[in-house]
Amino acid sequence: QVQLVESGGGLVQAGGSLRLSCAASGRTISTYAMGWFRQAPGKEREFVAHITWSGGSTYYADFVKGRFTISRDNAKNTLYLQMNSLKPEDTAVYYCAAGLKGSPTRWTSYNYWGQGTQVTVSS
């Protein structure tokens, strides 16, 4: 079992930046592909970014390309999401996920989830 805990969310003005972290415990994440998803009120959970177990390959949703960067530090058992040029429409609860067993862009493909961290972007 892997336990995931997100942190780093908060309130930021449009154009600002935040860095989310996802700390894992229970077992190493070094063999897991991982992803970030988000869910806004009244909307379905949507894919944000994905990274392979080694960090050698990343993939992003079109709406965050060029603004968000996913990375990982396997030695620290931690996943990151650097978010720049934030927009009000980025407001959501952000979740990290691990244990991929299918398409990396589908939230149902992951076995393990954190509790989420709230990101609010004001205009």
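Four salt bridges are found in the structure, a salt bridge being a side-chain nitrogen of Lys or Arg within 4 Å of a carboxyl oxygen of Asp or Glu. The structure is a predicted model, in which local features need pLDDT of at least 70 and side-chain atom pairs count only at pLDDT 80 or more, while totals for chains, interfaces and linings use all residues. Residues are numbered from 1 along each chain as its sequence is written, and side-chain values use heavy atoms, with hydrogens and water left out.

Strands here (E, at least two residues) and helices (H or I, at least four) are DSSP runs, numbered from the N terminus. Aspartate 90 and arginine 38 are both buried, where buried means under 20% relative accessible area, exposed over 50% and partly exposed in between, for a 1.4 Å probe and protein chains only.

Aspartate 90 also meets the side chain of arginine 67 in a salt bridge, at 2.7 Å from N to O. Here the partners are 23 residues apart, arginine 67 lying in the loop between β6 (58–60) and β7. Aspartate 90 counts as buried because its relative accessibility is 0%, and arginine 67 is buried with a relative accessible area of 9%. Through shared partners, salt bridges join Arg38, Glu46, Arg67 and Asp90 into one network.

The salt bridge of lysine 65 with aspartate 62 has its closest N and O atoms 3.1 Å apart. Lysine 65 has a relative accessible area of 47% and is therefore partly exposed, whereas aspartate 62, at 64% relative accessibility, counts as exposed.

Attention now turns to the rings. Eight aromatic pairs are present, counted when the centres of Phe, Tyr or Trp rings (for Trp, the six-membered ring) lie within 6.5 Å; planes under 30 degrees apart count as stacked, over 60 as edge-to-face and the rest as tilted. One of the pairs is formed by tyrosine 32 and tyrosine 112, which are edge-to-face at 6.0 Å centre to centre, with 80° between the planes. Tyrosine 32 sits in the loop between β3 and β4 and tyrosine 112 in strand β10, so that this pair links parts of the chain 80 residues apart.

Phenylalanine 37 in strand β4 and tryptophan 113 in strand β10 are 76 residues apart. Phenylalanine 37 is buried at 0% relative accessible area, while tryptophan 113 counts as partly exposed at 23%. Ring pairs also link Phe37 and Trp113 with Phe47, Tyr59, Tyr95, Trp107 and Tyr110 into a cluster.

The criterion is NZ of Lys or CZ of Arg within 6 Å of the ring centre and within 35 degrees of the ring normal.One disulfide is found in a search of the whole structure, the term covering a pair of cysteine sulfur atoms within 2.5 Å. Cysteine 22 is joined to cysteine 96, with 2.0 Å from S to S. Because cysteine 22 lies in strand β3 and cysteine 96 in strand β9, the pair ties together parts that are 74 residues apart in sequence. Both cysteines are buried.

The largest nonpolar core has 35 residues, of which Leu4, Met34, Trp36, Leu81, Met83 and Tyr94 touch the most other members. Such a core is a set of buried Ala, Val, Leu, Ile, Met, Phe, Trp, Tyr and Cys residues joined through side-chain atoms within 4.5 Å. Its largest share, five residues, comes from β9. With contact meaning heavy atoms within 4.5 Å, leucine 4 touches residues including Cys22, Met34, Cys96 and Tyr112, not counting those up to four places away in sequence.
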